[in-house]
Amino acid sequence: MVDNLSRQVEEIEALSSIYGNEWKTEDEANRAYSIRIEEGTQSAVLYITVPADYPSASPPQYQLSAPTLSAQDKQTISTQLDEVYLENIGETVIFQWVEKVRELLQQLQLQASSEEEECVVDLPTECSDTKTKSTAGPEIIHGDTITDRKSVFQGHAAFVFSAEEVSLVLEELYKNKKVANATHNIYAYRIYKEDTKCSVQDCNDDGEAQAGGRLLHLLQILGLQNVMVVVTRWYGGVHLGPDRFRHINNAARQVLDLAGLIESANQPKKGKKKNS
């Protein structure tokens, strides 16, 4: 019972950190929560109640509110969530559930014709300096490191205006042997193409399942364009569970804040301020 409770608290804290205001507490006493998941014109609200014997013996209880989805689509989601739980009995699964719903909504969005069409294309750490710049590539801002149980996380951010500049940022980062030899270099970027009025975006998990998608989602909810964020992780030999996603998210937010992008994303649009 105590172990279940501690794991529940750890998972909820991680989910709150990862999803921010999207993750809501409906009833703290009854451990009831909700999250709204949106992908283009497709949306759903997942309501979750955590029983006392979760995760050791029981799954979370859930309800899906999605008026725009067909009964068949809802049944597909329900079946997939059940499969996720059966594949992970005894483990925390809420993060995987949320991302599974998001994945299915993305598939539905691709099938549906949308009024606002977004073009998406695919691309065929520890740095001591706060900023680095190669003669050919964009300036890279490096965040502070976050350390937990010998694992180290560090965020990097850059303004990019083409896929070529994305490659230049990665090339510059990999010149640092510590970064090149890191366990993961997870990244995401969004670029607005003025000529086509489309956003070009991509992400890479680099072996940390779903982590790149979470970074891309962070850029989306902050409304950032022409920005690339990379999170480097050096694995310390101890499994961190859901905490690793919280650290990845925090490392990304910290470096975006250092670059002045969090503040600008939360304020009304003004003339662009140049970094000195």
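Biologist: Let us begin with the strands, please: in what order do the four strands of the open sheet lie, and how are they paired?

Modeller: As a general idea, strands of a sheet pair through backbone hydrogen bonds, and the pairing may be either parallel or antiparallel. In this predicted model, the open sheet has four strands in the order β1-β2-β3-β4, and their pairing is antiparallel. The edge strands are β1, residues 23-27, and β4, residues 61-65, each of which pairs on one side only. On average, and with direction ignored, neighbouring strands of this sheet are turned by 25° against each other.

Biologist: How many bridges join strand β3 to β4?

Modeller: Strand β3, which covers residues 42-49, is joined to β4 by five bridges, and the two strands run antiparallel.

Biologist: Why is K100 called buried, and why does E103 count as partly exposed?

Modeller: Buried means under 20% relative accessible area, and partly exposed lies between that and 50%. K100 is buried because its relative accessible area is 17%, whereas E103 counts as partly exposed because its relative accessibility is 32%.

Biologist: Which parts of the chain does the pair of D243 and R149 link?

Modeller: The closest N and O atoms of the salt bridge between D243 and R149 are 2.8 Å apart. This pair links distant parts of the chain, with D243 in helix α7, residues 243-258, and R149 in the loop between β6 and β7, 94 residues apart. D243 is buried, at a relative accessible area of 6%, while R149 is partly exposed, at 37%.

Biologist: What else does D243 form a salt bridge with?

Modeller: D243 also forms a salt bridge with R246, their closest N and O atoms being 3.0 Å apart, and these two residues both lie in helix α7, about one turn apart. Through shared partners, salt bridges join D148, R149, D243 and R246 into one network.

Definitions and conventions
Residues are numbered from 1 along each chain as its sequence is written. This is a predicted model: local features need pLDDT of at least 70, side-chain atom pairs count only at pLDDT 80 or more; totals for chains, interfaces and linings use all residues. Side-chain values use heavy atoms; hydrogens and water are left out. Two strands pair if DSSP finds at least two bridges between them. Axes are lines fitted to C-alpha atoms, for helices over the stretch in contact, and angles run from 0 to 180 degrees between N-to-C directions. Buried means under 20% relative accessible area, exposed over 50%, partly exposed in between (1.4 Å probe, protein chains only). A salt bridge is a side-chain nitrogen of Lys or Arg within 4 Å of a carboxyl oxygen of Asp or Glu.
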